[in-house]
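Reader: I'm new to reading structures, and a whole model is a lot to take in at once. Could you pick one part, look at it closely, and then show me what lies around it?

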Amino acid sequence: MTSYLAAMAVFAGLYALMALGLNLIWGLAGMVNLGLVGFYAIGAYTAALLSVKLGVAPWLDVIAAGVLSAGMGAVMAVVTARLKGDYLAIVTLGFAEVVRLVASNEIWLTNGTSGIANVPGLPRAFLSEEAVNLVFAGLVWIIVAVVAWLLGRLSAAPFGRVLRAIREDEMVAAVAGKRVIRFKIQAFVVGAAVLGGAGGLYAHYLGYVAPDAFQPLITIYVVLALTAGGTGTMRGAIIGSVLVVLLTEGTRFLGAVLPDVTPVRIAALREAAIGVALILVLTLRPQGLWPETVTHRKARSA
Amino acid sequence: MIGDLPQILINGVLSGAQLAVPAIGFTTIYAVLRFPNFAIASHASVGAYAGVMANTTLGWSIGLSLVVAFLVAGVVGVVSDTLVLRRLRPSGSLTTAIGAAALGIVLENMLRFAFGNDPVGFDLPVLRDWKLPLLDLRVGPQAAEAALASLIVMAILFSFLAFTRSGRMMRAVADNPMLAGLKGIDAESVARRANFVGMGLAGFGGMLIGLDTSVDPLTGARVVLPVFAAAVVGGLGSIPGAVAGAFVVGVGEEMSTLLLDPSYRTAVGFAAILLVLTLRPRGLLGERAL
């Protein structure tokens with residue numbers, strides 16, 4: 001049981017990292033990214049390949065995972081920077097599909113649908129399953145805390161204020177002399193780096209990556225986490241991720257409650273529940289459960 | 001390799017004709033409601049299942065089943081828009097697009113709940129390819145019939161847009177929503193019509209794809225990339241553009257098989273999107289992208 005809870009804590013932490021990355025992109029800059037899972041996959045494959053094929057140290061390949069993912073993000077942000085946000089939505093959605101296609105078909109590199117096994121992680125030979133999960137959960141949550149602190153600083157800095165201004169009204173930000181396109185590209189790239197880094201951690205945690213793990217549903221998990229927690233805040237991204245894991249794991253017990261329903265149908269119900277939850281949050285409480293509070297400093301009267 | 005070119009062109013045009021139908025659906029909804037409706041893939045699957053049920057369970061002909069696919073997907077489109085997306089539209093196009101992606105997941109899983117993951121097929125006779133005496137070309141009769149059905153639907157759609165009151169109302173809203181409102185055109189009723197037509201076309205296209213391959217909850221999701229590509233290449237929101245874009249993407253996909261593994265066909269669409277957005281964001285026939 002401890003092992004299971006720790007494993008869930010790891011996944012909550014990975015989703016929290018992704019939600020933090022998304023918060024910079026969507027929460028602060030107001031750019032949509034419906035291909036989150038593509039960046040996560042790029043990160044996971046980069047880390048897995050570097051460590052398995054070239055023996056690169058895990059900390060270094062997780063950084064490489066973030067850098068490569070950021071590079072991909074830069075291409076997409078640059079191509080769509082001047083266009084309406086709808087185009088970025090289409091491009092990112094397509095990107096995630098193409099990543100899965102490449103991962104499934106470039107067998108010489110990715111081993112196709114069989115995936116890459118034996119990605120080095122914590123030494124399982126010396127540690128029990130429980131200890132591995134606990135140590136990794138601790139590690140992931142320390143990284144979540146550090147990333148949340150760094151991004152929180154960035155969000156409170158002038159950089160974050162400009163992003164929020166762009167989110168509210170690009171034209172006004174441009175008139176105020178801000179280089180809107182450059183800020184948008186920077187936000188997208190930093191966010192994509194965090195998404196890729198989360199993927200790298202995932203590869204080292206599970207020790208195995210395969211295209212099947214990178215379904216579009218993961219994107220919906222993370223969007224739900226951020227939206228439910230409160231778009232625009234680092235705190236919301238973290239709380240929301242815990243809620244999403246509670247929801248995905250909580251619905252696991254549907255099978256026990258409804259023994260006559262086939263496993264395929266249970267799986268369908270569980271996936272549908274995630275979609276319904278996102279629609280409900282967007283409709284009923286789009287600002288999230290713990291919304292962003294923007295403090296307006298009153299102009300000092302002279 | 002060059003000798004294969006006429007055959008590749010024929011295959012590309014045939015698959016482009018099929019692609020055009022859902023691409024028109026996607027672009028029509030974009031033109032009127034101004035958001036990318038990512039639930040189009042799941043509606044294509046809904047149409048495919050509706051068609052397969054009509055064909056195998058009720059024993060109806062393929063032609064009649066195509067009509068059923070259109071109607072069922074169209075009705076589901078109107079219902080799901082009324083229940084879900086209409087409420088999100090005031091929050092902006094991106095929030096609505098996210099909601100549409102969530103809606104797609106829900107619909108796909110409703111199909112999975114009802115029919116399971118196993119693919120089902122249509123009741124079709126196996127026919128031999130037609131051989132054209134010219135240049136030793138081959139055409140699959142079913143591919144040709146699907147292309148013909150697509151052309152018929154496109155002809156009906158263009159007459160609808162050009163000659164009926166509903167069609168003119170939709171074009172007016174697509175052109176300038178504020179002016180259309182001033183003229184007394186009810187935006188909600190136009191939205192419903194656009195959803196019915198757009199998702200109906202998606203369902204029709206979904207069944208054509210199902211005829212070509214097989215039907216499962218992800219039938220629509222598998223072709224969504226070329227469909228988006230066709231709409232973007234042609235210019236998002238332009239219906240003639242979607243048709244042109246579909247032929248470009250269809251031929252491009254076939255050409256790519258000369259150089260790449262056939263499993264990368266759909267990736268051609270993604271490359272086309274990036275290329276068009278870099279060089280000419282408004283697409284072949286679109287008007288605005290900024």
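**Starting from one tyrosine**

Author: Leaving out residues up to four places away in sequence, A:Y15 touches A:Y221, A:V222, A:A225, A:S241, A:V244 and A:V245. Touching, or being in contact, here means that the C-beta atoms of two residues, placed from the backbone, lie within 7 Å.

Before we go on, a word on how to read this. Residues are counted from 1 along each chain as its sequence is written, while chains get letters from A and ligands get numbers from 1 in the order in which they are written. The model is predicted, so local features need pLDDT of at least 70 and side-chain atom pairs count only at pLDDT 80 or more, whereas totals for chains, interfaces and linings use all residues.

Now back to our tyrosine. A:Y15 is listed, with A:M18, A:L224, A:A225, B:A20 and B:A230, among the residues with the most contacts inside the largest nonpolar core, a set of 202 residues. Helix α9 of chain A, residues 180-206, gives the most to this core, with 16 residues. A nonpolar core is a set of buried Ala, Val, Leu, Ile, Met, Phe, Trp, Tyr and Cys residues joined through C-beta atoms within 7 Å. Buried means that 20 or more other C-beta atoms, placed from the backbone, lie within 10 Å of a residue's own; exposed means 12 or fewer, and partly exposed is in between.

Chain A has 13 helices and 0 strands. Its radius of gyration is 20 Å, close to the 19 Å that the globule rule gives for 302 residues, so chain A is as compact as a globular protein of that length. Helices (H or I, at least four residues) and strands (E, at least two) are DSSP runs, numbered from the N terminus; the radius is taken over C-alpha atoms, and the globule rule is 2.2 Å times the number of residues to the power 0.38. Along its principal axes the C-alpha trace spans about 70 × 45 × 35 Å. Of the 302 residues in chain A, 50% are buried. Among its contacts between residues at least 6 apart in sequence, 79% join residues at least 24 apart.

α2(A) is mostly covered, with 16 of its 19 residues buried. A:G55 follows, with a positive phi near 65°. A positive phi also turns up at A:N111, near 65°, although this residue is not glycine. A:N111 sits in the loop between α5 (107-110) and α6 (129-156) of chain A, and it counts as partly exposed because it has 18 C-beta neighbours inside 10 Å.

Next, the partner. Chain B has 12 helices and 2 strands. Of its 290 residues, 56% count as buried. Where the chains meet, 40 residues of chain B and 36 residues of chain A take part. On the side of chain B that touches chain A, at least two residues each come from α3 (62-88), α4 (93-115), α10 (224-234) and α12 (265-279). The largest share, 15 residues, belongs to α4(B). By class, this side has 27 nonpolar, 10 polar and 3 charged residues. Here Ala, Val, Leu, Ile, Met, Phe, Trp, Tyr, Cys and Pro count as nonpolar, Asp, Glu, Lys and Arg as charged, and the others, Gly among them, as polar.

Look at α12(B) in particular. Its buried residues include B:V268, B:F270 and B:I273. Among the elements covering the buried residues of α12(B) are α3 (58-80) and α4 (85-105) of chain A, together with α10 and α11 (239-256) of chain B.

How confident is the predictor? Its confidence in each residue, from 0 to 100, is called pLDDT. Chain B has a mean of 90, and 97% of its residues reach 70 or more. Within chain B the lowest mean, 73, is in strand β1 (residues 130-132), and the highest, 96, is in α2(B). Where pLDDT is low, predicted coordinates should not be read in detail. The model scores ipTM 0.90 and pTM 0.91.

Note on methods:
pLDDT = per-residue confidence, 0-100.
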